[in-house]
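Trainee: I've got a model open and I'd like to learn how to read its features one at a time. Could you walk me through it?

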Amino acid sequence: MSTVKPRAERAAEARLTATRIEAEGVDGVIVGWVDNSGVTRVKTVPVRGLENAARWGLGASPCFDGFLVDDSLAPSAGPVGDLRLVPDLAALHRLAAQPGWAWAPGDRWTQQGDPHPGCQRHFARRATEALADRGLTVRAGIEVEWIVDGGESGPAYGMRRLIGHSDYLRDLLRALREQKLTVLQLHPEYSDGQFELSLAPGDPVEAADTAMLVRHTVQAVSLRHGLRASFAPVTAPNGVGNGGHLHLSLWRDGRNLGHGGSGPHGLTREAEAFLAGVLAELPALLALGAPSVASYLRLVPGHWSGPHRCWGLENREAALRLITGSAPEQANAEVKCFDAAANPYLAVGGVLAAGLAGLGAALRLPGETRGDPDGVAERLPADLGRATDALRKSEVLRAALGDPLWQSVLDVREAEIARFAGLGPAELIEAVRYRY
């Protein structure tokens, strides 16, 4: 179980951190968390207030658990109570594209010093720790896709688009390097004005932190170049939209369990059981990884968005894509049905919980889908209502999330379904395009 460091220890660490980053030109520190609708919320302190923030935390109402994407509230959200938002100083970064600022993810604690049961980052950490209890680790990475308005469009994956945005993308790479993030790949994607970044994998909580830091950096660099970035699932009717694909590999004692086993394509029995657990829970996981009403404008056949509940080797239309790679350490699986509206801590934690359930039940993967799944494999929920119903019925995810977090996620999903009922695709896209 996650425990908070003693106040004096947190304060001493913050004092040293503040002295260091102030000497580097930092004036303010952003402490951020992601709500159940997938929106990043923040509080800030001057750099010399970091010690006090680390010692006591910052006040943050539990009503944020009921915030919707448009800042309205789910009916269950009330005005009573308070939490403490504590910056994780080990994950603090000076922001290269926002001079004078640093950023740290925050954990939410009760005033009595216990983990807030609705804290999504605590949830991801619990799932990671549960794997560690079995002697297992996961290396994870979340692809970051976005679309910018303005500048050269050009063909999908085309050099013309890269040339038209070369200064912008160069500055983005520089900022990420200054923030000590390892970029594996950056390229123009399919849709007009769309790009994708892949980062080096890390532990699951670190992967979620990195995804958020990269998105903040993309937004800051975009604004400096007169561009407006959107991470919304879809930005144009019938468009391909922005995925938030989750890559992960299961490891034991330094060995990648996705290679060298007797299962399909070299999977070990543990890796197969883990992935079978993920596949079993995918309908319910959509309520975490494809959380917007607009997510289901993206999750359609023919868009390589993974709308079918199946798996396959290098099958980009399957929800679960197996990748063997060219070296043992590269073997991993990709959850393709998730998008960029997801709270990454909920998405990562949910997948780990599903995989743990698969391990516990020693599940086996069903037969592989080798071609186009459309008309062959089961379709995943085609709207948020059906995904929410699947989450409501999932005993695995309810137990993993805990009732308070499970219920607050359901409340937000149901409230957003009601909030956007009756809107056509264009109206829905316009309503959420710049909320993510």
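**Reading the model, feature by feature**

Mentor: Let's start with lysine 180, which counts as exposed at 72% relative accessibility. Keep in mind that this is a predicted model.

Trainee: Where does lysine 180 lie?

Mentor: Lysine 180 is in the loop between helix H5 (166-178) and strand E9 (183-188). Now look at its backbone. As a general idea, most residues other than glycine have a negative phi. Lysine 180 is not a glycine, yet its phi is positive, about 65°.

Trainee: Which phi does aspartate 71 have?

Mentor: A positive one of about 75°, although aspartate 71 is not a glycine either. Aspartate 71 sits in the loop between strand E3 (58-60) and strand E4 (83-87).

Trainee: Is aspartate 71 buried, partly exposed or exposed?

Mentor: Partly exposed, because its relative accessible area is 38% and that class lies between the 20% and 50% cut-offs.

Trainee: On to sheets. How do I read one?

Mentor: The general idea is that strands of a sheet pair through backbone hydrogen bonds, either parallel or antiparallel. Here, take the open sheet of four strands in the order E9-E10-E8-E11, with antiparallel pairing.

Trainee: Which strands stand at the edges?

Mentor: E9 and E11; each has a single partner strand, so one side of each is left without a neighbour in the sheet. On average, neighbouring strands of this sheet are turned by 25° against each other, direction ignored.

Trainee: How many bridges join each pair?

Mentor: Walk across the sheet. E9 and E10 are antiparallel and joined by five bridges, and valine 183 has leucine 199 in E10 as its bridge partner. Next, E8 (residues 144-149) is joined to E10 (residues 194-199) by four bridges, again antiparallel. There, isoleucine 147 stands opposite glutamine 194 in E10. Finally, three bridges join E8 to E11 (residues 228-230), also antiparallel, and the partner of aspartate 149 in E11 is arginine 228.

Trainee: How many residues of E8 are buried?

Mentor: Five of its six, which makes E8 mostly covered.

Trainee: You mentioned glutamine 194. Is glutamine 194 buried or exposed?

Mentor: Glutamine 194 is buried, because its relative accessible area is 0% and buried means under 20%. Glutamine 194 is then in contact with Glu145, Trp146, Ile147, Arg161, His187, Pro188, Glu189, Gly241 and Asn242.

Trainee: What about strand E1, how many of its residues are buried?

Mentor: Seven of seven, over residues 28-34. Read a strand like this one side at a time. Gly28, Ile30, Gly32 and Val34 are on one side, with Val29, Val31 and Trp33 on the other, and all are buried, so both faces are covered.

Trainee: And which strands pair with E1?

Mentor: One is E6 (residues 101-109), in the parallel sense over five bridges. Another is E2 (residues 40-46), which runs antiparallel to E1 and is joined to it by seven bridges. Valine 29 shows both pairings: its bridge partner in E6 is alanine 102, and valine 29 stands opposite valine 45 in E2.

Trainee: What happens in the hairpin of E1 and E2?

Mentor: There are five residues between the strands, and glycine 38 takes a positive phi near 95°.

Trainee: Now helices. How do I describe the way H6 and H9 meet?

Mentor: Look at distance and angle, then at which residues touch. The axes of H6 (residues 204-224) and H9 (residues 344-361) come within 9 Å and cross at roughly 155°. That is over the 145 cut-off, so H6 and H9 are roughly antiparallel. The crossing of H6 past H9 is right-handed.

Trainee: Which residues make the contact?

Mentor: From H6, Pro204, Val205, Ala208, Asp209 and Met212; from H9, Pro344, Tyr345, Val348 and Leu352. By class, this contact has eight nonpolar residues, one charged and no polar ones.

Trainee: Which strands does H6 touch?

Mentor: H6 packs on the four-stranded sheet, touching E8, E10 and E11, and its direction makes about 15° with that of E8.

Conventions:
Residues are numbered from 1 along each chain as its sequence is written. This is a predicted model: local features need pLDDT of at least 70, side-chain atom pairs count only at pLDDT 80 or more; totals for chains, interfaces and linings use all residues. Side-chain values use heavy atoms; hydrogens and water are left out. Buried means under 20% relative accessible area, exposed over 50%, partly exposed in between (1.4 Å probe, protein chains only). Helices (H or I, at least four residues) and strands (E, at least two) are DSSP runs, numbered from the N terminus. Two strands pair if DSSP finds at least two bridges between them. Axes are lines fitted to C-alpha atoms, for helices over the stretch in contact, and angles run from 0 to 180 degrees between N-to-C directions. Angles under 35 degrees count as roughly parallel, over 145 as roughly antiparallel, 65 to 115 as roughly perpendicular and the rest as oblique. A crossing is left-handed if the near helix is turned anticlockwise from the far one by less than a right angle, and right-handed if clockwise. Contact means heavy atoms within 4.5 Å. Ala, Val, Leu, Ile, Met, Phe, Trp, Tyr, Cys and Pro count as nonpolar, Asp, Glu, Lys and Arg as charged, and the others, Gly among them, as polar. Lists of a residue's contacts leave out its neighbours within four places in sequence.
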